[in-house]
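Colleague: I have a new structure open and would like to learn how to read it. Could you walk me through it step by step?

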Amino acid sequence: MPATDSIAQSDAWRALSEHRGQFTGQTLSQLFAADPLRAQRFSASAAGIHLDYAKQHVTETTLRLLLQLAETARLGGQIEALFTGACVNRSENRPALHAALRDAPANPGVAGRFRQQREHMLALAADLRGGVLTGAGGLACTDLVHLGIGGSDLGPRLAVSAFPRLDSGPVRVHFAANLDADALAGALADCRPDTTLFALASKSFSTLETLSNAGLARQWLRAGGIAEADLERHWIAITSRPERARTWGVAAERILEFDEGVGGRYSLWSAIGLPVAVALGPESFTGLLAGARAMDEHFRTADPQHNLPILMGLLRIWQVNFWGHATQAVLPYAHALRLLPDYLQQLVMESLGKRVDQQGQELSYATGAVLWGSEETNGQHSFHQLLLQGTQVVPVDFVTTARAHCAADQHRQLYANCLAQSRALMAGRSAGELEAELLAAGEPRERARALAAQRAVPGNRPSSTLVLESLEPRHLGALLALYEHSVFVQSAIWGINAFDQWGVELGKQAAAAIDAALTGGDAGDLDASTRALAEIWQSANAEPR
Ligand code: F6P
């Protein structure tokens, strides 16, 4: 791999910069008018997902140049390095083993251990669902409260909420992530101490939020009459640091492990997925893995020009580095996928929010964009005005399903709305057309012109549409793996490490120092603003209220 910044000095990068100029004055509508086969030419399918990127500013030349850029970055070799367990996470000197969690064949060295870890997790889930795990009073556990945050929360929370009708188990699953004690209180609202089991899900087993919630949960159990000797019947741990879980008080046989080489935001496929197996059954969890594995195989073997993760990753490079789009929206047309944007925010922004390359050199070009989104059609009544008529262009990934995942009429209308929005972004509505309509309707010329200007939609705004064959675990697994690998493609082209997250450490250290200051300790040299804000808390909490 050449020195990172050479990618911006490469011929392919320069050619893409020149090629960008060809789109000046050319609209997406004109591209469609010029090529009746555009939709077929700029779409691809794999693992139950259809990707239509014809509403992006791409031509055959664009694709050719983007693929040349991938060649320059030796993307193929980097993909092989990822799948074979090479040290792709250089700052932490680790591989990235998420594909091996779904039995990707290229890394046999860890396959046996990962299978054992998965079987341990599935056996514990079966014991829980089968009433074998009992609380202090000998009653079967009825509720699992999953305590985790970030990658130890978002994946299982998304997967469990995506399949409400698949709920095939007797155990209710709840999630609490935030340090705010209200989050745990809400999760415990309908739980009984004697039949509640807590999963302490923390790869590091040192995260403030999770350990704080675990402490509150322990108090709740005690207050509910659980004797000290029986507490450990109400814990399990999911972690890469079993020794820390043991010290905390979790019994060895109740510690589910996963490897340090599995990144937190890539860990749904590990024992972190326990809530999925408990709430939806083992076959739903293995279904997620099967879908992700199908996407892994596609990513490793498909020709780049038909390779969904490579196409999506390269399109993001095109949008960020050659069109200057600093944010991207992911808009799922399914209530069941309402947590998809939250999940992808961590996956994309914690992986690609980097400003130096793997050698520590500061980069001269943009990298990770801001990812945001919400369930649809809610967003159509919230932020679509900006998408359609604002001054900022926001590339959109629309996500929808072909087969109904809800009542048939509503699903058909959902699908129609999804297509309507991508079409409106692309085609828009010209002021001229609108003015002619208003004049024909009898509006005076001046008023017709003024109204037309307000109502015109510029169009020519890019989007891709991802259609899942149906909403089932294997297609969700394929979708999440698609985004994981699209992120990897971007990181490989940019030369950045997708698998570390050093930035978040500073905030954690600062919080500990300021917390000390709030309780009268020495916080070191705080700036005047932070000191003044700390004093507000101190004066508000000085005297007993
Ligand atoms: O945000 C930092 C981070 O380390 C994430 O990468 C991770 O998913 C989350 O905190 C939780 O970490 P842990 O699983 O170690 O508690």
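**Reading the sheets, the ligand and a loop**

Modeller: Let's start with an open sheet of 5 strands, in the order β4-β3-β5-β6-β7, with parallel pairing. Strands here are DSSP runs of E with at least two residues, helices are runs of H or I with at least four, and both are numbered from the N terminus. Two strands pair if DSSP finds at least two bridges between them. This is a predicted model, in which local features need pLDDT of at least 70, side-chain atom pairs count only at pLDDT 80 or more, and totals for chains, interfaces and linings use all residues. Residues are numbered from 1 along each chain as its sequence is written, and side-chain values use heavy atoms, with hydrogens and water left out.

Colleague: How many bridges join β5 to β6?

Modeller: Strands β5 (residues 196-201) and β6 (residues 235-239) run parallel and are joined by 4 bridges. Within this pair, F198 stands opposite W235 in β6. Helix α10 (residues 181-188) lies across β3 (143-147), β4 and β5, at about 175° to β4. Contact means heavy atoms within 4.5 Å.

Colleague: What is the strand order in the open sheet of 6 strands?

Modeller: That order is β1-β2-β11-β10-β8-β9, and the pairing is mixed. Its edge strands, β1 (43-46) and β9 (370-372), each pair on one side only. Neighbouring strands are turned by 15° against each other on average, direction ignored. Strand β8 (residues 327-332) pairs with β9 in the parallel sense over 3 bridges, and A329 stands opposite W372 in β9. Helix α18 (residues 408-427) packs on this sheet and touches β10 (396-401) and β11 (463-468), with its direction at about 160° to that of β10.

Colleague: Now the ligand. Which residues are the closest to it?

Modeller: A residue is near a molecule if one of its heavy atoms lies within 4 Å of it. Here 14 residues surround the ligand, and the closest are S152, S202, S204, T207 and E350. A polar contact is a pair of N or O atoms within 3.5 Å; within protein, one must be able to donate a hydrogen and the other to accept it, and residues adjacent in sequence count only if both atoms are side-chain atoms. Oxygen atoms of the ligand lie 2.6 Å from a polar side-chain atom of S152 and 2.7 Å from one of S204. A polar backbone atom of G151 is 2.8 Å from a ligand oxygen.

Colleague: How much of the ligand does the protein bury?

Modeller: Taken alone, the ligand exposes 390 Å², and the protein buries 87% of that. Such accessible areas come from the Shrake-Rupley method with a 1.4 Å probe.

Colleague: Let's finish with a loop. Where does E92 lie?

Modeller: E92 lies in the loop between α6 (75-83) and α7 (98-101). The side chains of E92 and N89 are joined by a polar contact of 2.7 Å. In that loop you also find N93, which has a positive phi of about 55° although it is not a glycine.

Conventions
Axes fitted to C-alpha atoms, helices over the stretch in contact; angles between N-to-C directions.
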